[in-house]
Amino acid sequence: MRGPFALTAIWFLPMLVYCQTDNSDPAVPARTYSLLRENEDWSWLANPALREDYLDPIKYIPLGRNGWYVTLGGEIREALEQVVNDNFGKQGYTNKFLLQRYMLHSDWRLGKRYRIFVQLKSGLESYRTGGPRPIDEKKIDFEAAFLEVGTDTGKNWIVLRLGRQELNYGSGRLVSVREGPTVRQSFDGAKVRGKAGAWKIDAFAVRPDLDKPGFFDNIPDPHTEFWGIYGTRPLRRQVGFDSYYLGEDRKAATFERGTATELRHSVAARLWRPVATKESGLDFDYEGVFQFGSFGSDNIRAWTLASDTGYSLTRLPLKPRFSVKADVSSGDDPRSHTLGTFYPVFPLGNYFGVLADTGPGPVNFIDVHPRIQARLPKGITVSTDLVVQWRENLNDGVYAVPGFLLFPSNGSRARFVGYRPGVEARWQVDHHMWVQADYGVFFAGQFLKDASPGRNLKYTELWLGYKF
């Protein structure tokens, strides 16, 4: 514990030196913290009259030359987690443990064309029976450390990025930073991002970062190569359109049919409209992916269709949003010479919400997922949802969120995997601090009763977070 807290103290030192408060101008831009902290721009705080928050002085520290400044920031997250009947009874005990995340970053803006971004991460696990999983613990390492050359202003522009970085695209169904678990995903390599007319386009070639539990001992995965191109553009009426290609080469990929070298290509399209916040309205997120390639001597033909349709009634009390997700991803028949199992690549860590890091994942599945969310006063939101899951192919098993096999089919002809009701309450105390509680029970269906002890999985988690 001494290391992360000492690091936090060092990072807060500039705040102690520069801290001041000025409430002279109420017209201050919104202070928001992005999922990828690299996307934040605090240059407007060059005007001291706009500084109202007690941490504003460390968000813009001038470096003595015009347009040169550094931003400091970070995150502290504590989570108390309890899992009853993990793996549906394979572990026949209640597991309670504490997860801690500490992240600190510095963003060096050296004029209009040069930038250095460095982000440290530390994840700690305590009291978990069986010890920490790879997603639970990383004593300390770089989550990001990259150099950017170029400018991202104007109608058309291009920027080159080299080094360790995070990737998060679209809904995060295929490429995300894995926000739910304690240790986030990062990548080592190169990325070119640019804008041409209405299109914003990223092209990258990287290796995923292998998280080891020690101190500064992460390395690029020598057995996995990952590359792709992602384009997004606005359409009319707040609708956006994304199109992308992803390629992945894994030296040892494992599915129910076995383990082999895999070369998988994904081509996809996404149509989306954001959730309404001011006026009542419809929102949606529709995505389709087709995958092809080779698995050993076999071919790959896999696919997924995902949808999320909601409607917000912002003029009603509690401003409710009603939504339903419906998804399907292909499974495999090991008797054929074509691998049919869809692989989610680097998906969201909390793909199905409440069950953040346990339970079935988005592989060989059909699901229906209705949800109701309400906004209470004082920054409190409450939601309740229900996930119902089936197997898409009866010859393939059930996989975890990251894509590894949980339970092989073993001849079971049961399609129903189970259902999970859940509830989540979140309190955004201010723009820095938040508190959240999650509870869910996954009731085992017939397949899980055939393939495992079939006990119901219960999940509880309490979160406390602070960003600056």
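**Aspartate 285 and the chain around it**

User: In which strand is aspartate 285 found?

Analyst: This is a predicted model, in which local features need pLDDT of at least 70, side-chain atom pairs count only at pLDDT 80 or more, and totals for chains, interfaces and linings use all residues. Residues are numbered from 1 along each chain as its sequence is written, and side-chain values use heavy atoms, with hydrogens and water left out. Strands are DSSP runs of E, at least two residues long, numbered from the N terminus. The run that spans residues 281-295 holds aspartate 285, and this is strand β13.

User: Is aspartate 285 buried or exposed?

Analyst: Buried means under 20% relative accessible area and exposed over 50%, with partly exposed in between (1.4 Å probe, protein chains only). The relative accessible area of aspartate 285 is 13%, so this residue is buried.

User: With which side chain does the side chain of aspartate 285 make a polar contact?

Analyst: Contact means heavy atoms within 4.5 Å. Leaving aside neighbours within four places in sequence, aspartate 285 is in contact with residues including Ser171, Arg173 and Trp272. A polar contact is a pair of N or O atoms within 3.5 Å; within protein, one must be able to donate a hydrogen and the other to accept it, and residues adjacent in sequence count only if both atoms are side-chain atoms. At 3.4 Å, the partner of the aspartate 285 side chain is that of arginine 173.

User: What percentage of the residues of the chain count as buried?

Analyst: The chain has 23 strands and 3 helices. Of its 468 residues, the share that counts as buried is 51%.

Notes
Helices (H or I, at least four residues) and strands (E, at least two) are DSSP runs, numbered from the N terminus.
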